[in-house]
Amino acid sequence: MRAVTTLVLTLTLLGCRKHSAMPHATESGGSATVADATRDAFGQPSGWLTEAHRRAFFVGNSFFNLNWLAAPASVVDRDGLGPLFNARSCSACHFKDGRSRPPDLGAPMSTMLLRVSVPGPHGAPVGDPVYGDQIQGSALPGVPPEAEVYVDYTEVAGAFDDGERYSLRKPRYRLEHLGYGAVSPGLLVSPRVAPALVGLGLLEAVPEALLERLADPDDRDHDGISGRQNRVPDVLRGTLVPGRFGWKAEQPSVVQQSSAAFVADLGITSSLFPAENHTPNEEACRDLPNGGTPELGPDILAAIGIYARALAVPARRNVDDPLVSRGEDLFGELGCAGCHVPTLRTAPLADIPELPAEDIHPYTDLLLHDLGAGLADERPAFEADGREWRTPPLWGMGLVKKVNAHEFLLHDGRARNAMEAVLWHDGEAASARARFTALPRAERQALLAFLASL
Amino acid sequence: VKQVVSRCEAATDARAAGLQFASELQTQDTKRMALEGRAGALGLVAVLLTLGSCAKRPSAGTLAGSEARLSDAESSTARQALATYASIAYAGYSDSAMTARTLLAAIDRLIAAPDAAALAQARSAWLLARKPYQRTEVFRFYDGPIDRVELRVNTWPIDESYVEAEVGNPRLGIIDDTRAYPELTSVLLSSLNAKEGETSISTGYHVVEYLLWGKDTHPDGPGDRPFTDYVAGTDGRAARRGRYLRLAAELLISDLESVRDAWAPDRPGNYRAAFLARRPIEALALALKGMGSLSGPELAGERLTVAYETKAQENEHSCFSDNTVNDLADDALGIENVCRGRYEGAGRAVVHGTGVCDAVAIRNAELGARLASEISASVEKVRSIPAPFDQAILGADTAPGRVAIQSAVSALERQTKSLAEVAALYDVRSSEASRQP
């Protein structure tokens, strides 16, 4: 994390930011912040949208919510579902633009998914020859779904330094009712919940140079944190570019991320991903009617692209609470802010020029970090190895309970609350976690109160 | 220091460019700081900001003492307006629950003796039930009583194939899928609502609407489901459809009654009691957020703009019955009702009192008057949209229907902007707008 020191110094001179945190900012998304703490908190448009983009936002929203239909349907704009799919709509998993959750015990996975692969060159995920790179648990009538995915948990006991005990749950995944025969031996699996969508455009608007400055792949500053950028294909340009979206930063842009999700999760093809999501070995999927070439029209994709990049960030709550202030200080002192960088700065996007250049407070560096063996999925994704995850932004996390009625965290939702999520941190975050477990109870509560205020 | 000042100003300009009501509620502190700076104390404020933000939060702490206060006169008018507001809410939900009961009775007659007349009467009852409910939508958007059940009550657009298989769509709906759902119960319908996303809707007004009208495939009229859909056949499907319809109506009644009771007078411990016990400025902030959210993102945005842009019938509010223009007009009227402090309902309930706009006018006469006139103007603009809505959205942008919709959108956006100004006038902080009573 080499550049942080330089950056902090610059910021201190310019505008007085002590250590890495901008203290007590309520406006996490800068001018794209909304004072909404209701269950609609994640679904609001950013105030800076131009009138034309504002219209596109609402159109994008409607396509985000609606259920796609099997082709051919009388409504041509929204047919093309499947033949294999995880969900019929974006909002099925990103309900109210929020975060999805793992299945109930004994129920098959429905609002999260399992990526699968076999090892390949450049870490590029090579799909299973039959099942491809994602298990789709649903299919059109007459087509077998790929599999039902179940999760089993093992409780792992631990204790804070003061003796208070805790228990974490470690997941294992089971594939049942395989629709197309056996999977490859040694199949690599990576479970993913759907994250909340707030502030994605702001994260795309952080200039690459700033992220490069934050990166420290060889840990030259010897702080034990070696954030690095993923290098992933830009499918339209055919080049390798830095990744910043997805749990392993596998996607370079919101539009590519959305298009990838459309094809993989819904079976909706687009100009970026024109091929359906089944393999040639899934015969029942072949030669079915499609919903157009591509199924997702360019206007709708553009509207979705505006929508997904203009969802505003909810304002922080309870910043006057001394416990929250103390927690914010601890967030810096423990070292959490080393990766969950509180303040970044945006620059206008080429196709959303009204997005202002300003400070935002996402609590991420968008870089890959080794989080240790406990969280590892052992499935590489381009430069990201099996132990690395991209630092997820923390803004809005305190409102997931309100919007989505759960508090599950981490890429697979194994953490039942924020405390468990902190305790799962290892690898580059081991020392920060150790400082957390050494805190007295009241101080631990302060950190959690801060997280809940985001 | 200079850098900080210019950054502050840039942020404020960016905000001023946006129309977002909710963000206005939240950003007042920063905005005020910048405005004070422009008023002459630029350097001083900048220094305070710079020094202050090193140790302390700039947004709420450093200037906390200057939060807006209401004078005695303002406070007393606000209290009267809030009491009227609560009475309108109670009257509106009482009428909604009452007309929903009438609807259930008509549905029972349809199921008992299905014929064309019984179906027509059930449809009329649905249309009558819509009027009072739409006028209450202004009470949404701030975690009030309706927000706890709204997803079950009035979600749209719905994917009708989630409820019932449709021609050309291979999917089995809840009604058809006797294997997955051998018995239809209200608990089941409730648990399936929004299960696969925001259009997988199994309950509420629009599900009842679909079951009464069916899909609208006619350019000049609504859906025309035949009454025989409710005549018991050998496959049991009509019986299941009837049972589903009845359960949906019952759920609607129980949700509406729970909201009505939350707004009922003289019930210690209910929402109304807590609402009226708040500081007037806090309760007023909630009322304003409801008005602003309904005017802007909901009516101007989702209900008008999306349909206008996509020209797709499925994006109209009541697409099966072709009642959309009435729905929209009653929504707009609901905003005018709380603005002017009046309610004339279907039932016995009539309220006349101090309106929210009157409370605004005590603080700023010009703004209060402007807001009231803009809100009344938007009611007229929405009413002028020619029915049926699914035809009004079609054609060239110069077509009368599209011109009318565009002008309704502009009127609603104008009042949204003024409502944001009102929020600024009261200097409402986000924590107040979002805190639960």
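The sulfur of C336(A) sits 9.3 Å from the closest cysteine sulfur, that of C339(A), so the two are too far apart for a bond; a disulfide here means a pair of cysteine sulfur atoms within 2.5 Å. C336(A) is buried, with a relative accessible area of 17%. Buried stands for under 20% relative accessible area, exposed for over 50%, and partly exposed for what lies in between (1.4 Å probe, protein chains only). The model is a predicted one, in which local features need pLDDT of at least 70 and side-chain atom pairs count only at pLDDT 80 or more, while totals for chains, interfaces and linings use all residues. Residues are numbered from 1 along each chain as its sequence is written, chains are lettered from A and ligands numbered from 1 in the order in which they are written, and side-chain values use heavy atoms, with hydrogens and water left out.

Over all chains, the structure holds one disulfide. The bond joins C339(B) to C357(B), with 2.1 Å from S to S. The torsion about this S-S bond is about -120°, so the disulfide is left-handed. C339(B) belongs to helix α13 of chain B and C357(B) to helix α14 (residues 356-363) of chain B, so to speak two distant parts of the chain, 18 residues apart. (Helices are DSSP runs of H or I with at least four residues, strands are E runs of at least two, and both are numbered from the N terminus.) Both C339(B) and C357(B) are buried. Another cysteine, C319(B), is buried too, with a relative accessible area of 13%.

Next comes the packing of α13(B). Helix α5 (residues 116-135) of chain B packs against helix α13 (residues 324-340) of chain B at an angle of about 40°, their axes 7 Å apart. Axes are lines fitted to C-alpha atoms, for helices over the stretch in contact, and angles run from 0 to 180 degrees between N-to-C directions. On the α5(B) side, the contact (heavy atoms within 4.5 Å) is made by R130(B), K131(B), Q134(B) and R135(B). α13(B) brings in D327(B), D330(B), D331(B), L333(B), G334(B) and N337(B).

Helix α9 (residues 205-213) of chain B is mostly covered, with nine of its nine residues buried. Among them are H206(B), E209(B) and W213(B). The cover over these buried residues includes α4 (72-112), α5, α6 (150-153), α7 (160-163) and α10 (237-262) of chain B.
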